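Good morning. I have one structure to go through today, and I will keep to a few places in it. Please look at the sequence and the model as they come up.

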Amino acid sequence: MAHEIQWYIPSRIIRMDIEGDILLDELIDLNQDLKVLLDEGHAPVHLIVDDTKVGKMPFQLHKIQTLLDFMHHPSLGWVIGVGEVNPLVNYVIPMITKIVGINFIRRKTIDETLAFLQSQDFSIKDNQSTE
């Protein structure tokens, strides 16, 4: 699995791109990278995830939930998946986020994602992105 994590809007929105097959051991680094940015950010820090290129992923929900403890970070706001994903990802991710109790939604495009975030968090403004 390859992943890239960076600020989309500094201190407010993280952008994470993931591709390939996901192995449980790889989630440890991904989790740590996210926690560093969540610690640096100004709450709520929202997470945009492009997981459209994810292949296989483990189905061990409890293990995934344990490894991805960033989901319990007090600064975490909305987690938004962008784009259409394979059926397994579409099933597993919402299930994990529901169990953990975080706000998760999926949108088709980055523009729809930003519009949604602006409707939920009035401190997010147009044209703040670093892209």
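Predicted model: local features only at pLDDT ≥ 70, side-chain atom pairs only at ≥ 80, totals over all residues.

Let me start with the charged side chains. How many salt bridges does a search of the whole structure find? The count is 5. I will take three of them.

Begin at Arg15. This residue forms a salt bridge with Asp17, and the closest N and O atoms of the pair are 3.1 Å apart. Arg15 also forms a salt bridge with Asp50, where the closest N and O atoms are 3.6 Å apart. Arg15 sits in strand E2, residues 13-20, while Asp50 sits in strand E3, residues 45-54, so this pair ties together parts that are 35 residues apart in sequence. Put together, Arg15, Asp17 and Asp50 are linked in a network of salt bridges.

Is Arg15 buried or exposed? With a relative accessible area of 13%, Arg15 is buried, because the cut-off for buried is under 20%. Asp17, at 22% relative accessibility, counts as partly exposed.

Now move to another pair. The side chains of Lys35 and Asp69 meet in a salt bridge, at 3.4 Å from N to O. Lys35 belongs to helix H1, residues 26-40, and Asp69 to the loop between helix H2 (61-67) and strand E4 (76-82), so the pair ties together parts that are 34 residues apart in sequence. Lys35 is partly exposed, with a relative accessible area of 23%. Asp69 is partly exposed too, and its value is 33%.

Next, the empty space. Rolling a probe the size of a water molecule over the atoms shows where such space is left. In this structure the search finds 1 cavity of 30 Å³ or more. About 310 Å³ of space lies in the largest cavity. Which residues are closest to its centre? Of the 23 residues that line the largest cavity, they are Met16, Ile18, Val49, Leu68 and Ile93. Several elements give two or more residues to this lining: E2, H1, E3, E4, helix H3 (87-100) and strand E5 (104-107). By class, the lining has 19 nonpolar, 2 polar and 2 charged residues.

That leaves the two single residues. Asn31 lies in helix H1. Asn31 is buried, with a relative accessible area of 5%. What does Asn31 touch, not counting residues up to four places away in sequence? The list is Leu67, Leu68, Asp69 and Phe70. A polar atom of the Asn31 side chain lies 2.9 Å from the backbone nitrogen of Phe70.

The other residue is Asp25, in the loop between E2 and H1. At 64% relative accessibility, Asp25 counts as exposed. Asp25 and Leu67 are 42 residues apart in sequence, and their C-alpha atoms are 8.7 Å apart in space.

Technical notes: Residues numbered from 1 in each chain as written. Heavy atoms only, no water. Salt bridge = Lys/Arg side-chain N within 4 Å of Asp/Glu carboxyl O. Buried < 20%, exposed > 50% of the residue type's maximum accessible area, 1.4 Å probe, protein only. Helix = DSSP H or I, 4+ residues; strand = E, 2+ residues; numbered from the N terminus. 1 Å grid on protein atoms, 1.4 Å probe; cavity = no way out; pocket = protein on both sides within 12 Å on 5 of 7 lines; lining within 4 Å. Points joined across faces, edges and corners; volume = space filled by probe spheres on them. Nonpolar A, V, L, I, M, F, W, Y, C, P; charged D, E, K, R; others polar. Polar contact = N/O pair within 3.5 Å; in protein donor to acceptor, adjacent residues only side chain to side chain. Contact = heavy atoms within 4.5 Å.
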